[in-house]
Amino acid sequence: MNISWLAPADDIDGLARFFADNVDANYISHSEVQWGLALDPDRWSPDLLRIMASELSARSRASLEPDSPKDSHRTIVARLDGTIVAIANLSFLCARPKPYCVIDDIVVERSRRRDGIGATLFSWIENYCRDIGVPRIFFESGIHNEAAHRFFERHGYKTISKMFFKEIP
């Protein structure tokens, strides 16, 4: 498997489609609602593809300098025999008292789950963080995404909080 930083020359619209095709409503967490990818905790935005493409486009430009120590938002793309099998959106917050990375999204092709792709991505992300001196990784997950929660726990991650939401009419 080849894992690389997203670049402006990559097929941004195809990656946005990959994201949309490989997530369901259980995937939605607070960040998807905050970023406008989802209307609420149960429904994706009808503009999901456009919003994700815009986000990926911005991240592709940030990825031009993958070793920069400043705060940044980047995306990695995993390919197997040239075909996209996973993507992960990462935010590096290095200008903090204790630098950290946030895994904003990690999406593996539905038919390839349980093939070790997620574990390989986690290992790649952890090694990269170690290499650049980022000692902590955080991420959040939709409350009903229980299979993913079990996967995260198997890889040593633990729950540290719950996020609450209220729509004000």
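These legends accompany close-up views of a predicted model.

**View 1. Helix α3 and its length.** Helix α3 runs through residues 48-62. It holds 15 residues, and at 1.5 Å a residue it should span 21 Å.

**View 2. The buried residues of α3 and what covers them.** Seen along this helix, L48, I51, M52, A53, L56, R59 and S60 are buried. An α-helix has 3.6 residues a turn, so residues three or four places apart point the same way. The cover over the buried residues of α3 includes one helix, α1 (12-21). It also includes the strands β3 (43-44), β4 (72-80), β5 (83-93) and β6 (100-108).

**View 3. The packing of α1 against α3.** Two packed helices are described by the angle between their axes and the distance between the axes. Here the axes of α1 and α3 come within 8 Å and cross at roughly 125 degrees. That angle makes α1 oblique to α3. The crossing of α1 past α3 is right-handed.

**View 4. Residues at the contact between α1 and α3.** From α1, the residues that meet α3 are I12, D13, L15, A16, R17, F19 and A20. From α3, the residues that meet α1 are L48, L49, M52, A53, L56, S57 and S60. Among these α3 residues, L48, M52, A53, L56 and S60 are also buried.

**View 5. R74, a buried arginine in strand β4.** R74 sits in β4. Its relative accessible area is 0%, so R74 counts as buried. The R74 side chain makes a polar contact with the side chain of Y128, at 3.2 Å.

**View 6. D81 in the loop between β4 and β5.** Most residues other than glycine have a negative phi, and most peptide bonds are trans. D81 has a positive phi, near 50 degrees, and is not a glycine. This residue lies in the loop that links β4 and β5. With a relative accessible area of 80%, D81 is exposed.

View 7. R114 is another residue other than glycine with a positive phi, here near 80 degrees.

Methods. Residues are numbered from 1 along each chain as its sequence is written. This is a predicted model: local features need pLDDT of at least 70, side-chain atom pairs count only at pLDDT 80 or more; totals for chains, interfaces and linings use all residues. Side-chain values use heavy atoms; hydrogens and water are left out. Helices (H or I, at least four residues) and strands (E, at least two) are DSSP runs, numbered from the N terminus. The expected span of a helix is 1.5 Å times one less than its number of residues. Buried means under 20% relative accessible area, exposed over 50%, partly exposed in between (1.4 Å probe, protein chains only). Contact means heavy atoms within 4.5 Å. A polar contact is a pair of N or O atoms within 3.5 Å; within protein, one must be able to donate a hydrogen and the other to accept it, and residues adjacent in sequence count only if both atoms are side-chain atoms. Axes are lines fitted to C-alpha atoms, for helices over the stretch in contact, and angles run from 0 to 180 degrees between N-to-C directions. Angles under 35 degrees count as roughly parallel, over 145 as roughly antiparallel, 65 to 115 as roughly perpendicular and the rest as oblique. A crossing is left-handed if the near helix is turned anticlockwise from the far one by less than a right angle, and right-handed if clockwise.
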